[in-house]
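Here is a short report on one protein model. Please view the sequence and structure first.

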Amino acid sequence: MRVKSNRSKVTFRGRRVLPVQQRLRGSAETAFESSHPGEMTSVEDTAPTALDELVELIPRVSLEYLSLQENTITSNGTDEFPVPELFTSLPPIRDLLVTDTSLSQDETAGHCLPLHTSTNRSLFDLNPQGLPRLNQEDHIQFLNDAIQNVAYIAYDAVRPWVVYWCLTGLSVLGEDLEKWRERVLESFLPMQNPSGGFGGGHGQTSHVAPSYAVVLSLAMVGSSESLDVVDRRALWRWLGELKQSDGGFRMSVGGEEDVRGAYCAMTIVSLLAIPLELPSNAPARASGFTSFLDGLPEYLSRCQTFEGGVSGAPQTEAHGAYAFCVLACLCILGPPHEIIPKYLDLPLLISWLSARQYAPEGGFSGRTNKLVDGCYSHWVGGCWPLIEAALNGPQTSTSTRKQKISNLYSKEGLTRYILSCCQEDSGGLRDKPSAYPDAYHSCYVLAGLSSTQYYNYFTGDSDAAGTIDSLDSALRWASSAICRGYESGHERLVDAGDDLAPLHPIFVIPWAAVEECCKHFNRKTGF
Ligand SMILES: [Zn+2]
């Protein structure tokens, strides 16, 4: 049985896209023919109209993008370094069901393909491998401007975040952060509440997310003077109020409970050497809990979904940023090779994480059926070193040269997406080519790019790394520059001048900042 086709109704938009529409029509007819016979009777009368609508629904950008597949795409890599076909052509299998999501996907791929391939894809110089160079000077300028001049009216509840994003971005670009110390201290001090913790702005209620950003920022600008402005005793009491009877943490007193709360709280506890024992007035004591750690890994475990990803709270949708929060939190609680497989279905999680990287774009999406977005270069990209450490177990600097498992994702794809699609010509990094740059995306895109250039591994052996009751696991990591080639055989994709500084895989600040902060507070006895 064939579907009737009324080709005269189809309005073609131009000669360039004609072959694509013809191919779509042919494919759709084939698809209808192969449908279940019982369903064909009703389809026969309506199919031609539906098919016309399908073709009409596809916007111009999508048709132009699809038409690229009809022709051989000219790679703008050099002869020696051609752009791999994975990034110059569309996936071979295509679902013909048109939805808002599929149209957005087509549009995004349509924006990325030319940036991967055309010869005038960017204003940047190309490196010998045919990739745009990292526009470091303008990105530094963008972040220096953002930390001082961002519209803090709109960002009034996330002031410490803006500072953290800019400082982290500047640090991976090799900038000295010391010059910001005084201003950071001046800005943060009025945000600290006597009852413990920091608000997102002056006079605001304490919240664990900006408190996390404050602690990381203070660690980055260094000095014992800056770290000692935190009232750790009040912070301890306030964190005790956030601990819940199911093991998790609220974001603020009376606020929502999710895995961000757990990761932010345990980062603060770990870096500032806050006692693990719950304050006497902590509500969770009524449930028999005595420690911040009680019930926490079990709570995190309940956030893994049927897809294999991790959600913000039990029974909600899996999301890349929550996956990072859970993996990083677990890595604070114990050695990755012990604690991650104990509390998460690792094969299922790897399967879900693998599905987050798309071709031809090369970047990561945050959720199933969503678009690539530069910030997941960190939120999803940052999950992989933690997963690799869980699979590899403890390693030494010598054994690292014989890595057991690495490259679980395409570092080349992510590097290409970041350099070709996420750089704004005038500075700053962005979600995708259709978006404007901002401090948040600049931070996490650069963090993702940095992560592609280093191999992070857990050094503690299983006997000495401690149990879940000691929070020293997060400090038993090391990093080495990746000196192996990429999947396509390229020895390098970026020039030496575009090498970034490494970030700690769990705390996402420079390694030296983590070490100095922990050394400072571990020297103290009590508060
Ligand atoms: Zn984003």
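The text below covers the overall fold, then selected helices.

This is a predicted model: local features need pLDDT of at least 70, side-chain atom pairs count only at pLDDT 80 or more, and totals for chains, interfaces and linings use all residues. Residues are numbered from 1 along each chain as its sequence is written.

The protein has 20 helices and two strands. Helices (H or I, at least four residues) and strands (E, at least two) are DSSP runs, numbered from the N terminus. Of the 527 residues, 49% are buried. Buried means that 20 or more other C-beta atoms, placed from the backbone, lie within 10 Å of the residue's own. Contact means C-beta atoms, placed from the backbone, within 7 Å. Among contacts between residues at least 6 apart in sequence, 72% join residues at least 24 apart.

Helix 10 has buried residues, among them Trp236, Trp238 and Glu241. Its buried residues pack against helix 8 and helix 11.

| Helix | Residues |
|---|---|
| Helix 8 | 208-221 |
| Helix 10 | 232-242 |
| Helix 11 | 259-271 |

Helix 13 (residues 320-333) and helix 14 (residues 336-343) have axes that come within 8 Å and cross at roughly 130 degrees. Axes are lines fitted to C-alpha atoms over the stretch in contact, with angles from 0 to 180 degrees between N-to-C directions. The two helices, helix 13 and helix 14, are therefore oblique to each other. Angles under 35 degrees count as roughly parallel, over 145 as roughly antiparallel, 65 to 115 as roughly perpendicular and the rest as oblique. Leu327, Leu330, Cys331 and Leu333 in helix 13 meet Pro336, Ile339, Ile340 and Tyr343 in helix 14.

Key. A residue is buried if 20 or more other C-beta atoms lie within 10 Å of its own, exposed if 12 or fewer, and partly exposed in between; C-beta atoms are placed from the backbone. Two residues are in contact if their C-beta atoms, placed from the backbone, lie within 7 Å.
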